[in-house]
Amino acid sequence: MSPAGETGTSSTPPRANAPAHGASKIESTPNSRGASVVSENISLVGVKKVRPWIQRDIEQVKECGAEAMLQALLQRASSAPETQQPELLHKCLKAVLPVCNGQVSAGCIHSSGIETALKKYVRPGVENRFYGPFIEATNIALACLQEIKVDGMRAPVPAVDMICQQNDMPMYQNHQTVKSTRKPEVVFLHLNSACAPFEDEKGGKKGKQKDVEKDGDERKAHMVKNAMAKRPAPLPWEDVLACIEFKRKTDRKKPIKPPHSSYEVNDYVPTKPEYLPVDHLKAEDPAPGPSQIATQPASNTAIVSSGLSIAQPSKGGSSSKRKAADTLQSAAKKSRIDPEEPDVTVQTGMYAAEMFAANLAVNHLINLIFVDDVMWIWYYDRQGTIQSSGINFIQDLPRFMVLLYALQRCEPGDWGRNKDFLPVQVEGKQCHEFKIKDVEHTSHDESVTRYGLQGRATNVVPVTSDALAKKHGNFRDGMVAKIFWGEVGRTSEPEILKKVKEIAKAHDTVKDHIPELLWHHTFTNPTSAIREALGVPEPTKGSRVLYILVFPKLQPITELYDKAIFDVWRQCILCHLTLWKEGVYHRDVRPGNLMWYWKDGKRMGVLNDYDLSSLASDQGPRGNERMGTVPFMAIDLLLVKGQRGEVKHLYHHDLESFIWCFAWICLHYKQGVLLPVESRPLDIWATAGAVTCGEKKYLFLRYFKDYDSSHLETLTWNFLVECLWELKTDDERRFNLRMKQRLSGAGEQPDAEESNSDIDDFLHKFTSSTNWDKLSKPS
């Protein structure tokens, strides 16, 4: 537990999975998380400070070829998505040539306007001056592409009818108790969403239309009047189909090449850099630890474009991709006005996080990044992020047209919206209806959003269900649905709960102290499917599927105080102990998982949330997500070796987590009410990286007597002091043992497997205290 020899940073999140040093055995899943670490505590971290955590997710981006991405999007937008049609890309490239060459008209809109707009786009100037030409060219293309028919492809989707729109106003969204402010430059929207605020505006000239034209006339009217105009009201994030982010290099030596007067279908030619580099992000952040992100050298036959390319790889072996990264980094530093401005890849990732938070159970998202004349497609889902290789969208206009052609034919589900969750208004509140297996539920708007790109993204929402009420009766506090992305490689939570229910039949310490699973459903579309289609390496590693579990609603331990906290906490410890001995390892002890309900006039503590649990029968570490929640994890698991997965997760680690939970609740709440921020000394545990959190806890063990406990009952504080003293004493005992092993020449030995006797002995150190006994007695 001692941090001797370990290093960390003050508030920097941990790196991606790193290989264990030397021949150390992997005993548990190494840390592989970015923003998911802090998503539950986003109100403490703050949306302005979440950037380093999003950056960690972006650093783990996987890569695929541009043509593979285009083919996958076309396949989704085809008339038979389940039937492989490998010829779609070639057919569509040929079909869009008339649009590229100015030969298509849609009403009064002519595709010849694309070339005119792109000639404006390539002119030198500051970044925001070319938004208009890009939007103009894109909307003309979308109007004309509606006229193109390809065998095997759908018609344009009226429910989407996408249009490109400039966004001149900040966009806001609430995340727990904090509000984010973002301003994406250009977005794809539903045409209705783009037009509505201008049609509703009263008394202004902008956007005022005597009659709303239909079909092509309506699109033309909006393109001319409003697509590049300032909106009268902020755009809601749930309306955004995709964000488009631009960067223009101000120090480029060569001008951007203008569009061709005529296009034909040619082979794809890689750009320089072929992929937007992320390696330079690590150089900007002092956090320790290597990354496992693989790099691929760019092709020697790259288009010289965007001012990003430099000389070919030298015989010394440095790749053009690395040099391009250095060029991007250097140019970014020279051109940035605001030193706090994030890298374009991170900025776009933060937009994706907003889009995830705004849409319940969203499957995936797509954003686009443009650096001068090169475009990269970025695909986000809860397994991670994928970027395509670059497309020079001016010199290779047909491939850009194919992208627009595919997106225009995507149903809402192809954009990632979950078709099983339909937004509805109930008594003036935004809700969702979902009907699965003949069971219809209505979820309400009281959910807590999770801010991040990958991970479980758990949402717990109140639900009503006539079918479940008829089967189980009405519950005092109603029902909730837990909606999350679980790892395919783990034993599923319904399977874990089935085992837990069997144990409860034979043990009173478990009976009535576990959640009652009323109904569940597992979706069958794993996130690995798109990776297999794109040829991404290790497509199934960390693959996720969406789960919905419905339970009776429980109450949080944090609303209790004094003896009531201890009573529920103690019941959860005894339940956890029995489950551990019976082969169910919870491994995510935190205040949010310590719940309670009333039964026969008594509070019943419930150990909740088993989606990170494992069974004794599991062979080795499973899944790709580190088990535990940083502020409440044992110190051994937080330090560098623990984060690399070299420390076996044992019972005493979970019991230590119970102690940290008790300390957190006691020092953060007064009679069930959260203390003001200046009176919460442990917030840093939730906002720092894992290693730093471990070091802060180690110092806390040495100086806890100095913390303000005036709001606590003396008995409660004395018990907490006893618990912390026992943790410190046990740490010193194990530290001394390791030092003896090292000095004897045997080397440090890992903690031995725990027997039931060892487990009982460790717990007895806490239960044998006089204050445990006093708190256990009825008032």
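Predicted model: local features only at pLDDT ≥ 70, side-chain atom pairs only at ≥ 80, totals over all residues.
Trainee: How is the packing of two helices described?

Mentor: Two packed helices are characterised by the angle between their axes and by the distance separating those axes. Helix α3 (residues 66-76) and helix α4 (residues 88-95) illustrate this, with an angle of about 90° and axes 9 Å apart. α3 and α4 are therefore roughly perpendicular to each other.

Trainee: Which residues of α3 and α4 meet?

Mentor: From α3, the residues are E67, L70, Q71, L74 and Q75; from α4, they are L88, L89 and C92. This contact of α3 with α4 comprises 5 nonpolar, 2 polar and 1 charged residues.

Trainee: At what angle do the axes of α22 and α23 cross?

Mentor: The axes of helix α22 (residues 690-703) and helix α23 (residues 714-743) cross at roughly 115° and come within 9 Å. Angles of 65 to 115 degrees count as roughly perpendicular, and α22 and α23 are therefore placed in that class. Their crossing is left-handed. On α22, the contact is made by Y698, F700, L701 and R702, and on α23 by L724, L727, K728 and D731. By class, 5 of these residues are nonpolar, none is polar and 3 are charged.

Trainee: How do β5 and β6 pair?

Mentor: β5 and strand β6 (residues 178-182) pair in the antiparallel sense over 5 bridges, with V178 in β6 as the bridge partner of H175. The two strands form a hairpin with 2 residues between them, and Q176 in the turn has a positive phi of about 60°.

Definitions and conventions. Residues numbered from 1 in each chain as written. Heavy atoms only, no water. Axes fitted to C-alpha atoms, helices over the stretch in contact; angles between N-to-C directions. Helix = DSSP H or I, 4+ residues; strand = E, 2+ residues; numbered from the N terminus. Parallel < 35°, antiparallel > 145°, perpendicular 65-115°, else oblique. Contact = heavy atoms within 4.5 Å. Nonpolar A, V, L, I, M, F, W, Y, C, P; charged D, E, K, R; others polar. Left-handed = near helix turned anticlockwise from the far one by under 90°. Pairing = 2+ DSSP bridges.
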